[in-house]
Amino acid sequence: ATATDTIWMHGKGLEISRAVYMPENGRNQDLAVAEVDVSGVLRLTAPHAIQPGRGVIAIDYTAPYGELQGAYKVKPEGRDYVMTQMEPLGARTTFPGFHEPSFKQPWRMTLVVPDGDVAVANAPEAETIDLEGPMKKVVFEKTEALPSYLIAFAVGPWEVVAGPDIPANGERREAVKLRGVAAAGQGGRMQYSLAHTPEIVTALEDYF
């Protein structure tokens with residue numbers, strides 16, 4: 001609503017190489033970025049006041065793997081798996097953002113992964129694009145409005161096991177597709193859980 005030269009965001013332990021504010025109307029401004037609190041608060045400072053209006057913040061950065069939070073990597077049986085645990089404060093170690101429960105917005109995720117790996121996220125896959133070398137780009141549909149700590153993705157030699165649809169129930173007029181994601185060689189152990197999930201979901205919906 002008013003002009004400012006400072007934008008406050010969250011980001012912890014990120015190596016930020018460039019940040020730019022791109023207004024809908026006006027000239028782009030490079031932002032100076034500093035992590036100013038141990039909890040992971042970022043201060044982005046513009047050389048000139050940012051006027052009220054719409055704009056885009058573009059940030060180039062790298063993030064290290066976390067220790068069982070954020071985006072982290074494990075290596076069972078010598079095979080790499082990457083997965084996420086964003087709650088409660090892991091999202092800010094994975095990407096810069098507004099890491100507050102009230103800041104809900106749709107998200108669109110794209111993962112560039114090895115050809116032999118499976119990539120999943122908490123949105124349906126929209127398309128997979130072959131890239132040069134042994135890599136592919138997996139693009140996911142836009143999510144519903146979510147806070148950052150509910151973002152989830154996983155990459156690795158996963159087994160994806162189809163389960164029965166969760167039938168329409170009450171105000172939910174459409175069936176929900178169900179699948180399980182297991183480590184390599186473990187997909188068969190999910191059959192019991194997948195078979196009984198629809199009845200559990202239906203019972204919970206009826207209860208609440």
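1. Before going into the sheets, one term: two strands count as paired here if DSSP finds at least two bridges between them. Keep in mind too that this is a predicted model. With that in place, there is an open sheet of three strands, ordered β3-β2-β6, with antiparallel pairing. Its edge strands are β3 (29-30) and β6 (55-62), each of which pairs on one side only.

2. Staying with that sheet, β2 (residues 15-23) and β6 are joined antiparallel over eight bridges.

3. Next, β5 and its partners. Strand β1 (residues 4-10) runs antiparallel to strand β5 (residues 41-50), with six bridges between them, and His 10 faces Val 41 of β5 across that pairing. Strand β4 (residues 32-37) is also antiparallel to β5, through five bridges; here Glu 35 stands opposite Leu 42. The β4-β5 hairpin has three residues between its strands, and Gly 40 takes a positive phi near 100° there. I'd have a look at that turn on screen.

4. The largest nonpolar core holds 18 residues, and the ones with the most contacts inside it are Leu 111, Ala 119, Phe 140, Ile 151 and Phe 153. Two or more residues of this core come from each of β9 (110-114), β10 (118-121), β12 (135-140) and β13 (153-156). Apart from it there is another core, of ten residues, including Met 9, Ala 19, Leu 31 and Ile 50.

5. Leu 111 is a handy place to start exploring the 18-residue core. Leaving aside residues up to four places away in sequence, Leu 111 touches Ala 119, Val 120, Lys 136, Lys 137, Val 138, Phe 140, Phe 153 and Val 155. Note that the list includes two lysines, Lys 136 and Lys 137.

6. On to charges. Side chains of opposite charge can pair when their charged atoms come close. The count of salt bridges comes to five. One of them joins Arg 54 to Glu 24, with 3.8 Å between the closest N and O atoms. Arg 54 sits in the loop between β5 and β6 and Glu 24 in the loop between β2 and β3, so this pair links parts of the chain 30 residues apart. Both partners are exposed.

7. Another salt bridge runs between Asp 165 and Lys 177, at 3.6 Å for the closest N and O atoms. Both residues belong to the loop between β14 (159-162) and β15 (179-182), twelve residues apart. Are the two buried or exposed? Asp 165 counts as partly exposed because its relative accessibility is 38%, while Lys 177, at 70%, is exposed.

8. The loop between β14 and β15 also reaches helix α1: Arg 172 in that loop and Glu 205 in the helix are 33 residues apart, and their side chains meet in a salt bridge of 2.8 Å, N to O. Glu 205 is partly exposed, with a relative accessible area of 31%.

9. Last, the helix surface. Which residues make the nonpolar patch of about 550 Å²? They are Ile 200, Leu 204, Tyr 207 and Phe 208. Leu 204 lies in helix α1 (residues 191-207). At 46% relative accessibility, Leu 204 is classed as partly exposed, because that class covers values between 20% and 50%.

Technical notes
Residues numbered from 1 in each chain as written. Predicted model: local features only at pLDDT ≥ 70, side-chain atom pairs only at ≥ 80, totals over all residues. Heavy atoms only, no water. Patch = residues over 30% accessible without salt bridge, like charges linked within 9 Å, V, L, I, M, F, W, Y side chains within 5 Å. Areas by Shrake-Rupley, 256 points an atom, 1.4 Å probe, with all protein chains shown as cover. Salt bridge = Lys/Arg side-chain N within 4 Å of Asp/Glu carboxyl O. Helix = DSSP H or I, 4+ residues; strand = E, 2+ residues; numbered from the N terminus. Buried < 20%, exposed > 50% of the residue type's maximum accessible area, 1.4 Å probe, protein only. Core = buried A, V, L, I, M, F, W, Y, C linked by side-chain atoms within 4.5 Å. Contact = heavy atoms within 4.5 Å.
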